[in-house]
Amino acid sequence: MYEQIFDRKKQKAMREFFLKDLAPLGKEKEIKKNEILNVAENKSLGIVTKGKLKQILYHSKGDEKLMFFLSPGEICGEGEYFVGGGMPVMIKACCDSKVSIIEKNLLDRFLENNTNAYGFFIHSLTRKYRISVSQMHDILFTSSKEKVCNTLYRLVIQEGIETNNGVVIDIKLTHQELATLVGASRITITRIIKELKEEGIVDNTQDKRFIIKDLSKLKGYLEY
C-alpha cells in the first residue's frame, strides 16, 4: 500500500523540479546542525539543496513531535505561502545543510509564468499530509512494534537506497529521534530494534543509518 501512497516516480520528479527549475532563483543559505530555519515569517519558500532538515511539531511546554524529514529537492514554507497562519512547527537542520531561500515576490512571478509548477506544490503538500495521517493511524491503532515497522517501511519507500546488503534508509536516525517520530519512549524503541536485529530484519551501517536486511519479514509486521 505504501508504494501507492508514496509514488517514487512522482517523488523523484518533484525533487528534480524544485532543485533544477526553482532553487536557482533563490539565495543559498548555509544551515548548521540543529539550527532552526524560519521561512514562514515572510512567506518565503525554502528548498533543501544539500543535507537534511526535519519538521517538528512543538508545544509551548517544550514537548516535541518529529513529523518528517526533508531531503534535497524537498521544500518547506509552502503551507504558509499558500494558506498563511502560524502553525506550531519548526524546521531544524539534522546536519550541516544548504537551503535555497526564494522570496515571496520572486515566487509570485515564477508561478504566474509557470502554472504547471502548482502540480509539484500540490504533490509536496499531499505527501506531507499522507505521512501525517499514516503516523496518526499508527499512534491510534497499532502496537509499539507495528509502529516501528510501519515507520521504517515508510522511510524505505521515501528514502531507501538499495545495496547488496539490503535497503539503507538514507537518514542518520538515533533511537531518540525514532522514538519522537513513532510516539514511543526511547527505551521501547531500543528494545524493539534489538528484537528486529535478532530476527535478522534490521541492522545499522557504520555511519549509524538503518539498513533493512529482510524487507519481506519487515512487511509481515505492517498494519494499515
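Which strand or helix gives the most to the lining of the second largest pocket? Keep that in mind as you read these notes on what is a predicted model.

1. **The second largest pocket.** The answer to the opening question is strand S10, which gives three residues to this lining. Strand S10 (166–172) and helix H7 (175–182) each supply at least two residues. In total 18 residues line the pocket, and those nearest its centre are Cys-94, Ile-171, Lys-172, Leu-173 and Glu-177. Its volume is about 410 Å³. Sorted by class, the lining has nine charged, five nonpolar and four polar residues.

2. **The largest pocket.** Now look at the largest pocket, with about 820 Å³ of space. Its lining is made up of 31 residues, and Gln-55, Met-67, Phe-68, Met-87 and Val-89 lie nearest the centre. Among the elements that give two or more residues to this lining are strand S4 (53–58), strand S5 (64–70) and helix H5 (118–141). Helix H5 gives the most, with eight residues. By class, the lining of the largest pocket has 17 nonpolar, nine polar and five charged residues, while the lining of the second largest pocket has five nonpolar, four polar and nine charged ones.

3. **Strand S8 and its partners.** Strand S8 (residues 97–102) has five of its six residues buried, so the rest of the structure largely encloses it. Strand S1 (residues 27–31) pairs with S8 in the antiparallel sense, over five bridges. Strand S3 (residues 45–50) also runs antiparallel to S8, again with five bridges. Val-99 of S8 is a handy landmark here: Lys-29 is its bridge partner, and Val-48 stands opposite Val-99 too.

4. **Helix H6.** Helix H6 is mostly covered, with 14 of its 16 residues buried.

5. **A closer look at Thr-151.** Leaving aside residues up to four places away in sequence, Thr-151 touches Asp-138, Leu-178, Leu-181 and Val-182. As for Leu-222, it is 71 residues from Thr-151 along the chain, and 9.2 Å separates their C-alpha atoms.

Methods. Residues numbered from 1 in each chain as written. Predicted model: local features only at pLDDT ≥ 70, side-chain atom pairs only at ≥ 80, totals over all residues. Heavy atoms only, no water. Buried < 20%, exposed > 50% of the residue type's maximum accessible area, 1.4 Å probe, protein only. Helix = DSSP H or I, 4+ residues; strand = E, 2+ residues; numbered from the N terminus. Contact = heavy atoms within 4.5 Å. Pairing = 2+ DSSP bridges. 1 Å grid on protein atoms, 1.4 Å probe; cavity = no way out; pocket = protein on both sides within 12 Å on 5 of 7 lines; lining within 4 Å. Points joined across faces, edges and corners; volume = space filled by probe spheres on them. Nonpolar A, V, L, I, M, F, W, Y, C, P; charged D, E, K, R; others polar.
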